[in-house]
Amino acid sequence: MPNQNHTPLIDALKTSISRPHAPFYTPGHKRGAGISPALIDLLGKKVFQADLTELAELDNLFAPEGAILAAQELAAAAFGAEKTWFLVNGSTCGIEAAILATCGMNDKIILPRNVHSSVIAGLILSGAMPIFIQPEYDEDLDIAHSITPEAVEFALKKHPDAKAVLTVYPTYYGVCGDLQAIAHLTHQYNLPLLVDEAHGAHLAFHPNLPTSALAAGADLTVQSTHKTLGAMTQASMLHIQGNRIDIDRVNKALQLVQSTSPSFVLLASLDAARQQMAIHGQELMSHTLELAAEARSHINSIAGLSTPLSLARQSPGFMALDQTRLTVKVSELGCTGFAAEDILNEMGVTPEFSSLQHLTFILTLGNTKSDIEALLQGLNNLTQMSHLTNQWSTCKHNNYANIAHIITISPREAFFANSETLPLEKTQDRICGEIVCPYPPGIPVLMPGELITKSALEYLQKIQAMGGFITGCADKNLRTLKVVHM
């Protein structure tokens, strides 16, 4: 077994920083000498000394032979992969590369409708045609879970010419479907199973967490190491196992979607995060799970609040819950999650995201006992607010499940087609020419190639009226939409 105490990238950076020389290479700030004093005042000088280019002693991200290769091999061993790539353009580029590596123009890919916008970008880049499966949906909570094995089996039988299956595991809410069964079905057709595991980089490091995607049988998984572990924002990993994925195609795809000037600060943070979890992962996750359990217990004792997902029954689309993800139902207080988030922000407590009924909090190895105390105090104060408006009652009958999703042309064709901008009220029954999604969690309500339905427009307007915000589209105020020119 490799020595997980080693940090080859960090060691290489230390060596490079300590080598005296005159720098006649990028970046232009020359190891911090040319950085604005304002930024030095914010961050200090040391970080800029490590902001180096692909020098000989630091290796090349697209053709690694030294420190990057060694660091990636250690990561593969730690996360249970056969091969790992470091990503400096976030999980977005990993998802795009996964689709590009497995699907070409007009190839079919089976996937859930509640995918992240990065998947839509992958469809646009590749020209692949989505075969959407509606995920299991909890109408009371207005939360979409995972796709079910039964739905995957139906899609595979109907589309045996598909090139890949992609799923989300876990969801933004921490819900994990029956990935092992989905992998088994997918492999019966000799297809690769691609997994958007952006929120599951920590799963491999504690027995009380849901099974990791690789352990469940995924062929390729993309993890946002920065979301739930100790890497810097934008630092992620792509892992593969088995022989269903062409490694050369992954390499070529990553060269299309990653920067040719990778940040060695980001790369070093991946090296450090891997070492931290390989050596101390179970201890760190045990502490995080203890904090989550304490928070959940107290929240469920507060009148008007609950953590409904922790009490949910198993179903084909909900086999396990990542207990470090804390979703709190606030609608019984008479307010939306959007309003509750604004109030908590004023109290110094910031959730990951809000929705019509809920607030969702991510607990990680970086959270402390004092964070939990602040959260519980904030939620207690929230229930005492006399000015909470009864917003929830006006929108509870308009949820994601009511939206019809009808693909008419491929996302790529719609994205590159001539478009026109119309007032929102005149776009119904036209083909959407842009991505439109409330963010977070970044799940598009409309995408290029999809028919704009009355239910989708009503949902978007309701989200906006209740305090949410819309991204992806050109008009952030949602007065107009781009549609394919007929």
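# Helix packing, sheets and loops

The model is predicted: local features need pLDDT of at least 70, side-chain atom pairs count only at pLDDT 80 or more, and totals for chains, interfaces and linings use all residues. Residues are numbered from 1 along each chain as its sequence is written, and side-chain values use heavy atoms, with hydrogens and water left out. Helices (H or I, at least four residues) and strands (E, at least two) are DSSP runs, numbered from the N terminus.

**Helix α12 with helix α14**

- Helix α12 spans residues 264-299 and helix α14 spans residues 369-383; their axes come within 10 Å and cross at roughly 15° (axes are lines fitted to C-alpha atoms, for helices over the stretch in contact, and angles run from 0 to 180 degrees between N-to-C directions).
- α12 and α14 are therefore roughly parallel to each other (under 35 degrees; over 145 is roughly antiparallel, 65 to 115 roughly perpendicular, the rest oblique).
- From α12, Leu291, Glu294, Ala295, His298 and Ile299 take part; from α14, they meet Lys369, Ile372, Leu376 and Leu379 (contact means heavy atoms within 4.5 Å).
- Six of the residues in this α12 and α14 contact are nonpolar, one is polar and two are charged (nonpolar: Ala, Val, Leu, Ile, Met, Phe, Trp, Tyr, Cys and Pro; charged: Asp, Glu, Lys and Arg; polar: the others, Gly among them).

**Helix α12 with helix α1**

- The axes of α1 and α12 come within 7 Å and cross at roughly 135°.
- That makes α1 oblique to α12.
- On the α1 side are Pro8, Leu9, Ile10 and Leu13; they meet Phe264, Leu267, Ala268, Asp271, Ala272 and Arg274 in α12.
- This α1 and α12 contact holds eight nonpolar residues, no polar ones and two charged ones.

**Helix α5 with helix α6**

- Helix α5 (residues 90-102) and helix α6 (residues 117-126) have axes that come within 8 Å and cross at roughly 40°.
- α5 and α6 are therefore oblique to each other.
- The crossing of α5 with α6 is right-handed.
- Thr92, Ile95, Glu96, Ile99 and Leu100 of α5 meet Ser118, Val119, Ala121, Gly122, Leu123, Leu125 and Ser126 of α6.
- Seven residues of the α5 and α6 contact are nonpolar, four are polar and one is charged.

**The seven-stranded sheet**

- Seven strands make an open sheet with mixed pairing, in the order β1-β10-β9-β8-β6-β2-β3 (two strands pair if DSSP finds at least two bridges between them).
- β1 (83-87) and β3 (129-133) are the edge strands, and each pairs on one side only.
- Neighbouring strands in this sheet are turned by 20° against each other on average, direction ignored.
- Strand β2 (residues 108-112) runs parallel to β6, and two bridges join them.
- Ile109 stands opposite Ala164 in β6.
- Helix α4 (residues 67-79) lies across β1, β9 (220-223) and β10 (236-240), at about 115° to β1.
- Helix α8 (residues 179-188) lies across β6 and β8 (193-196), at about 150° to β8.

**The three-stranded sheet**

- Three strands form an open antiparallel sheet, ordered β12-β14-β13.
- β12 (325-329) and β13 (353-354) stand at the edges with a single partner strand each, so one side of each is left without a neighbour in the sheet.
- Strand β14 (residues 358-362) is joined to β13 by two bridges, and the two run antiparallel.
- Ser354 has Leu359 in β14 as its bridge partner.
- Helix α13 (residues 337-346) lies across β13 and β14, at about 50° to β14.

**Aromatic pairs**

- The model has four aromatic pairs (rings of Phe, Tyr and Trp, its six-membered ring, with centres within 6.5 Å; planes under 30 degrees apart are stacked, over 60 edge-to-face, the rest tilted).
- Tyr172 and Phe353 have ring centres 4.4 Å apart and planes at 55°, so the pair is tilted.
- This pair links distant parts of the chain, 181 residues apart: Tyr172 in the loop between β6 (164-168) and β7 (175-176), and Phe353 in strand β13.

**Backbone features in loops**

- The Thr26 to Pro27 peptide bond is cis, with omega near 0°.
- Pro27 lies in the loop between α1 (8-18) and α2 (37-43).
- The Tyr169 to Pro170 peptide bond is cis, with omega near -10°.
- Pro170 lies in the loop between β6 and β7.
- Asn190 has phi near 55°, a positive value in a residue other than glycine.
- Asn190 is found in the loop between α8 and β8.

Notes:
A crossing is left-handed if the near helix is turned anticlockwise from the far one by less than a right angle, and right-handed if clockwise.
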